[in-house]
Amino acid sequence: MKLYEKLATEIEEQIARGVFHVGERLPSIRQMSQHHALSITTVVHAYLLLESKGIVESHPQSGYFVRESAKTVQPALRTSQPIAVSSHVDVSRLVLSTLRSIGSHDAIPLGSPYPDPALFPSEKINRRAYSIARRKTQWGVTDALPPGNPHLIRQIARRYLQNGTPIDPNEIVVTIGATEAINLCLQAVGKTGDTVAVESPTFYAMLHAIERMGMKAIEVATHPQQGIDLDALKEVMDQQPIAACMVMSNFQNPLGFQMPDEKKQALVNLMTERKVPLIENDVYNELYFGDVHPRSLKSYDTEGYVMHCASFSKSLTTASRIGWAMPGRYRDHVEKLKFLNTLTTPTFPQLAIAEYLEHDGYEHHLRHVRKVYAQQANMMRAAVQRFFPAGTLTSQPKGGYVLWVELPAGVDSMKLYERALERGITIGPGTMFSISDSYRNFIRLNYSYAWSRDIDEALKTLGQLVADCLRKQAPSS
């Protein structure tokens with residue numbers, strides 16, 4: 001147990017024993033720091049954890065107070081209502097510019113799409129790669145030809161079996177990350193000018209694949225906790241031909257929801273009946289906050305219409321860029337396209353990850369990551385509620401490491417992004433997650449990085465910038 005967790009537990013026990021009553025003020029952060037010989041950051045971290053659990057609440061300029069046992073129910077995000085019109089996609093320039101800003105400004109990475117690499121076992125994987133290189137000095141192109149390294153493919157298949165989904169290892173095609181898997185799957189079933197149905201909002205990597213192919217996207221209404229609206233999807237498919245549907249059923253980026261199992265089954269049944277390929281981006285499936293590994297759409301697939309894509313980039317290492325596709329009835333076409341597009345996937349990373357999976361405790365690593373993300377998700381939600389103006393809403397992630405934030409109407413997330421960057425803070429503006437202008441007052445925040453005083457201050461600054469935006473609007477409104 002970390003120091004801040006231990007302190008939070010001690011305070012929670014004192015509250016339960018009646019040492020502090022509802023409405024009473026807790027000792028100040030500075031007092032707690034002095035009396036317990038802990039850093040200010042550790043105490044702040046403990047108080048934020050208690051706040052995220054609904055045990056205490058912050059009063060601006062006054063400190064932390066014990067709150068009533070029942071948590072205040074935060075208003076929920078609404079189901080999106082996009083205009084069901086297919087449109088060409090042009091988001092890559094915006095996304096590229098925002099990603100460059102993250103790398104070039106040494107900023108607080110609240111806008112990063114990548115997990116904190118500090119949590120990953122990079123040294124162990126590097127040692128595996130070094131050992132492999134010493135054992136075998138001669139490598140040829142044929143060692144890495146599609147579908148990929150047999151040792152890695154076996155380990156991936158075993159992982160699915162451990163998680164309750166037996167799969168055919170012969171269906172797996174190893175790729176350069178999930179991005180290539182998604183691109184190959186879309187290329188296998190669509191052509192220039194076709195229309196692809198997507199969630200609204202949707203992860204911009206899905207839009208990139210559509211843009212790359214010169215295809216059109218049509219956004220479908222999506223519930224913030226249940227996922228894509230099946231009635232709306234049926235209506236879209238009734239009105240026009242759809243080459244494919246692209247979704248994230250587990251911990252969708254940016255909403256963070258986990259689609260209920262019965263709805264996953266219904267979605268797969270619908271697409272199978274319509275004989276429309278269903279491309280599943282399942283890169284976050286290992287990062288769940290509950291007790292049971294979530295089922296994938298692939299686990300309900302009996303006719304091969306689900307094209308499942310995943311990778312190790314979000315759960316194990318961002319450096320190796322190893323992913324895979326299980327494209328169902330389109331498997332042979334995807335393997336051929338893999339060969340034509342990039343020929344091979346580098347061998348060293350495949351073997352290093354395979355040996356890590358076999359010997360080095362992947363599940364133990366994941367349990368730690370899940371615990372950290374779950375705690376920090378609660379802490380970031382609590383901080384946003386504390387620092388941002390009234391009317392701000394947040395998603396309720398069930399896994400992953402991103403938080404979707406709806407700002408009060410009229411706040412321009414692109415202007416907020418620019419002003420935040422001037423202060424050394426990055427955010428993900430909502431306009432990156434749609435082909436329309438529907439999410440101009442939304443932002444995405446990354447909570448994977450270790451909580452610190454800098455992150456706490458960054459969120460406080462963001463809240464002040466949002467409040468400034470609202471004040472500037474007041475005279476004209």
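Biologist: How do S13 and S15 pair?
Modeller: Strand S13 (residues 402-406) and S15 run antiparallel, with 5 bridges between them. Strands here are DSSP E runs of at least two residues, helices are H or I runs of at least four, and both are numbered from the N terminus. Two strands pair if DSSP finds at least two bridges between them. This is a predicted model, where local features need pLDDT of at least 70 and side-chain atom pairs count only at pLDDT 80 or more, while totals for chains, interfaces and linings use all residues. Residues are numbered from 1 along each chain as its sequence is written, and side-chain values use heavy atoms, leaving out hydrogens and water.

Biologist: Which residue in S15 is the bridge partner of Leu-403?
Modeller: That's Leu-445.

Biologist: And which sheet order do the strands form?
Modeller: The sheet is open, made of 4 strands in the order S12-S13-S15-S14, with antiparallel pairing. Strand S12 (393-394) and strand S14 (428-429) sit at the edges with a single partner strand each, so one side of each has no neighbour in the sheet.

Biologist: How many bridges hold S14 to S15?
Modeller: There are 2 bridges between S14 and strand S15 (residues 442-446), again in the antiparallel sense. Pro-429 stands opposite Ile-443 there.

Biologist: Is S15 mostly covered or mostly open?
Modeller: Mostly covered: 5 of its 5 residues are buried. Buried means under 20% relative accessible area, exposed means over 50%, and partly exposed is in between, using a 1.4 Å probe and protein chains only. Phe-442, Arg-444 and Asn-446 point one way from S15, while Ile-443 and Leu-445 point the other way.

Biologist: How many H7 residues are buried?
Modeller: 11 of its 13, so to speak a mostly covered helix. Among them are Gly-177, Glu-180, Asn-183, Cys-185 and Val-189.

Biologist: Which non-glycine residues have a positive phi?
Modeller: Ala-37 has one, with phi of about 55 degrees. Ala-37 is in the loop between helix H2 (29-36) and helix H3 (40-52), and is exposed at 69% relative accessible area. Lys-275 has a positive phi too, near 55 degrees. Lys-275 is in the loop between H10 and strand S9 (278-281), and counts as exposed at 57% relative accessibility.

Biologist: What about Ser-87, which residues is it in contact with?
Modeller: Leaving aside neighbours within four places in sequence, Ser-87 is in contact with Lys-216, Ala-217 and Ile-435. Contact means heavy atoms within 4.5 Å. Ser-87 is in strand S3 (residues 87-88) and is partly exposed, at 26% relative accessible area. The C-alpha atoms of Ser-87 and Glu-219 are separated by 9.1 Å, though the two are 132 residues apart along the chain.

Biologist: Last one: where is Leu-343, and how exposed is it?
Modeller: Leu-343 is in the loop between helix H11 (331-342) and helix H12 (347-359). Leu-343 is partly exposed, with a relative accessible area of 33%.
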